[in-house]
Amino acid sequence: MKTVLRSLAWLLALALLALPVVAVVEGWMGGEHWPLRTLRVQGELARVDRAQLQAAVLPHAQRGFFAVDLGAVQRSVDSLPWVERAQVRKHWPDVLEVRIVEHRPFARWGEQQLLSEHGRLFPAGKLQTPAGLPLLDGPEGRVPEVVALYNQAREQLADAGGVLGVALDRRGSWSISLRDGTRVVLGRNDPGARLARFAPMLPQLAAQNPHRRLVRADLRYTNGFALTWAKADPTPTNHGSNT
């Protein structure tokens with residue numbers, strides 16, 4: 001009996017000793033005693049706003065080195081405009097490291113989005129869109145098809161002044177816009193095949209009509225196409241200046 005009482009007394013003593021230790025450790029886990037003082041950002045940041053980045057990280061970092069939730073930090077950084085992916089680590093004793101890979105835009109998509117080189121759509125935000133990007137548009141679920149037709153058009157219409165954009169409308173009809181203002185309507189069926197038949201003819205048509213500009217080419221016909229021409233603006237003559 002004395003042995004049992006002695007064992008219970010030891011267990012009670014150990015429990016009383018452990019409680020203050022747990023309380024102290026939990027108190028020191030927070031930001032007051034183990035603060036994160038340094039935010040280290042790695043990556044080539046051209047468009048990610050550093051002020052927005054700090055604002056996204058700060059609420060989590062205030063919890064301190066041991067209590068910071070790295071997954072929550074990563075999700076907050078991933079949600080920022082132009083961030084393709086982020087990795088978050090901590091380094092003893094007070095460093096939080098964020099590695100960021102920015103989206104690299106391939107094209108504009110509709111009015112408010114951009115398409116990355118990896119085929120992901122993301123919001124353009126308030127930053128100025130890089131100049132020279134093609135304009136693509138269509139249902140988000142058909143991004144690969146739109147990109148494939150754009151790549152085909154860019155290759156097959158290289159001698160036509162360049163492709164400005166490709167669109168797939170809500171009715172499923174395809175169209176291509178050229179940089180000289182010409183619109184090529186392909187319709188719903190076999191847009192790639194129709195483009196392949198028409199593309200070799202376009203330089204010949206332009207050569208046969210040097211004083212007119214092609215405004216629209218409608219390829220939705222089984223055995224031909226319909227062309228709409230506009231009178232080309234006369235080329236101004238530079239007579240030089242008298243001295």
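The model is a predicted one, in which local features need pLDDT of at least 70 and side-chain atom pairs count only at pLDDT 80 or more, while totals for chains, interfaces and linings use all residues. Residues are numbered from 1 along each chain as its sequence is written, and side-chain values use heavy atoms, with hydrogens and water left out.

**The H2/H3 pair**

Select residues 50-61 for H2 and residues 70-78 for H3; their axes come within 9 Å and cross at roughly 160°. Axes here are lines fitted to C-alpha atoms, for helices over the stretch in contact, and angles run from 0 to 180 degrees between N-to-C directions. Helices (H or I, at least four residues) and strands (E, at least two) are DSSP runs, numbered from the N terminus. H2 and H3 are therefore roughly antiparallel to each other; that label covers angles over 145 degrees, with under 35 roughly parallel, 65 to 115 roughly perpendicular and the rest oblique.

Now show side chains: Leu-53, Ala-56, Val-57 and His-60 in H2 meet Ala-72, Val-73, Ser-76 and Val-77 in H3. The residues of this H2 and H3 contact divide into six nonpolar, two polar and no charged. Nonpolar means Ala, Val, Leu, Ile, Met, Phe, Trp, Tyr, Cys and Pro; charged means Asp, Glu, Lys and Arg; the others, Gly among them, are polar. Contact means heavy atoms within 4.5 Å.

**The S2/S3 hairpin**

Next select residues 83-91 (strand S2) and residues 95-102 (strand S3), which pair in the antiparallel sense over eight bridges. Two strands pair if DSSP finds at least two bridges between them. Three residues lie between S2 and S3 in this hairpin, and Arg-85 stands opposite Val-101 in S3.

**The nine-stranded sheet**

Move on to the open sheet of nine strands, ordered S6-S5-S4-S7-S8-S9-S10-S11-S12 with mixed pairing. At the edges stand S6 (121-123) and S12 (226-231), each with a single partner strand, so one side of each is left without a neighbour in the sheet. From one strand to the next, the twist averages 25°.

For a parallel pair, select S7 (residues 135-137) and S8 (residues 163-168), joined over three bridges; Leu-135 stands opposite Gly-165 in S8. Helix H4 (residues 143-156) packs on the sheet, touching strands including S4 (105-109), S5 (113-116) and S8, and its direction makes about 145° with that of S8. Helix H5 (residues 191-198) also packs on the sheet, touching S9, S10, S11 (212-218) and S12; its direction makes about 135° with that of S10.

**H4 against H5**

Keep both helices selected: H4 and H5 pack at an angle of about 5°, with their axes 10 Å apart. They are therefore roughly parallel to each other. Leu-149, Gln-152, Ala-153 and Gln-156 in H4 meet Pro-191, Gly-192, Leu-195 and Ala-196 in H5. The residues of the contact of H4 with H5 comprise five nonpolar, three polar and no charged.

**Two hairpins to finish**

S4 and S5 pair in the antiparallel sense over four bridges, with Arg-108 opposite Leu-114 in S5. Their hairpin has three residues between the strands, and Gly-110 in the turn has a positive phi of about 65°.

S5 and S6 pair in the antiparallel sense over three bridges, and the bridge partner of Gln-113 in S6 is Pro-123. This hairpin has four residues between the strands; Gly-119 in the turn has a positive phi of about 80°.
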